[in-house]
Amino acid sequence: MSRIRAAVLGSPIEHSLSPVLHRAAYQELGLDGWSYDRFEIDEAALPQFVAGLGPEWAGLSLTMPLKRAIMPLLDGISDTAASVETVNTVVLTEDGRRLGDNTDIPGIVAALHERGVEKVSSAAVLGAGATASSALAALSRICSGEVTAYVRSAARADEMRQWGERLGVPVRTADWSEAAEALSAPLVIATTPAGTTDALAASVPEGAGTLFDVLYDPWPTALAAAWSRQGGQVVGGLDLLVHQAVLQVELMTGRTPGPLAAMRAAGERALAAR
């Protein structure tokens, strides 16, 4: 049986749970001929790696810092990926084309829907990087009102307002020093690196709404733990990772994994073993 290959690329990449999740999906689907690996690839090495991909390759997952660096190497991108100029998935077609997509955006929406969050009247975003722009795109589908983005610089504030205009989301920006005010929003999406929101844990209000913290290691974050103690609902980075990985598997294999339980359980076991 010929092998069919897929992999996740990024730098650093050793921490990635994508191989665990994709392999669990392959096992569930009975795709014995499929393999999924990880490669430490930075922006300088990316063009040579992509150029060397043979017909046995079905797809790639991209993590930082490659989600925008991959775009000039593609033959086309989906409207979803184009909306935030960020690609986290590449499908390699039988006729040799490389097509980019973004499963983070529908992954965020699906993870929230799973927890019963389908519509909110307003929201807050902590941070202003690539994940924050994907969060705004997701909010364009579920938020009927204003989104407040808490950022550290005027340049980042301008970027978030521009993304809001592009995505059709009314965005107000506020300085990071006021980030504790975000915690009273019905939905808070934290997109910042580990440790950045720790100081906010003491300010979580009683009866908090929903926190979506995109981190999964270490977990829980100080903010997520405090949120749970105050009775709020927490959606974590593993939830996002599983939902976006399901969509990647669908795009790369043409088949849909069954219930998410097997993939989530595999991720939980891998995190517990660290």
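With 274 residues, this chain would have a radius of gyration near 19 Å if it were a compact globule, and its value of 19 Å agrees. That radius is taken over C-alpha atoms, and the globule rule is 2.2 Å times the number of residues to the power 0.38. The model is predicted: local features need pLDDT of at least 70 and side-chain atom pairs count only at pLDDT 80 or more, while totals for chains, interfaces and linings use all residues. Residues are numbered from 1 along each chain as its sequence is written, and side-chain values use heavy atoms, leaving out hydrogens and water.

**The whole chain**
- The C-alpha trace spans about 55 × 35 × 30 Å along its principal axes.
- You can look for 9 helices and 12 strands, which are DSSP runs (H or I, at least four residues, for helices; E, at least two, for strands) numbered from the N terminus.
- Buried residues (under 20% relative accessible area, 1.4 Å probe, protein chains only) make up 52% of the 274 residues.
- Of the contacts (heavy atoms within 4.5 Å) with a separation of 6 or more, 64% link residues 24 or more positions apart.

**Where α4 meets α5**
- The axes of α4 (residues 104–114) and α5 (residues 130–142) come within 8 Å and cross at roughly 55°; axes are lines fitted to C-alpha atoms over the stretch in contact, with angles from 0 to 180 degrees between N-to-C directions.
- Helix α4 contributes D104, I105, P106, I108, V109, L112 and H113 to the contact, and helix α5 contributes S134, A135, A137, A138, R141 and I142.

Key. Buried < 20%, exposed > 50% of the residue type's maximum accessible area, 1.4 Å probe, protein only.
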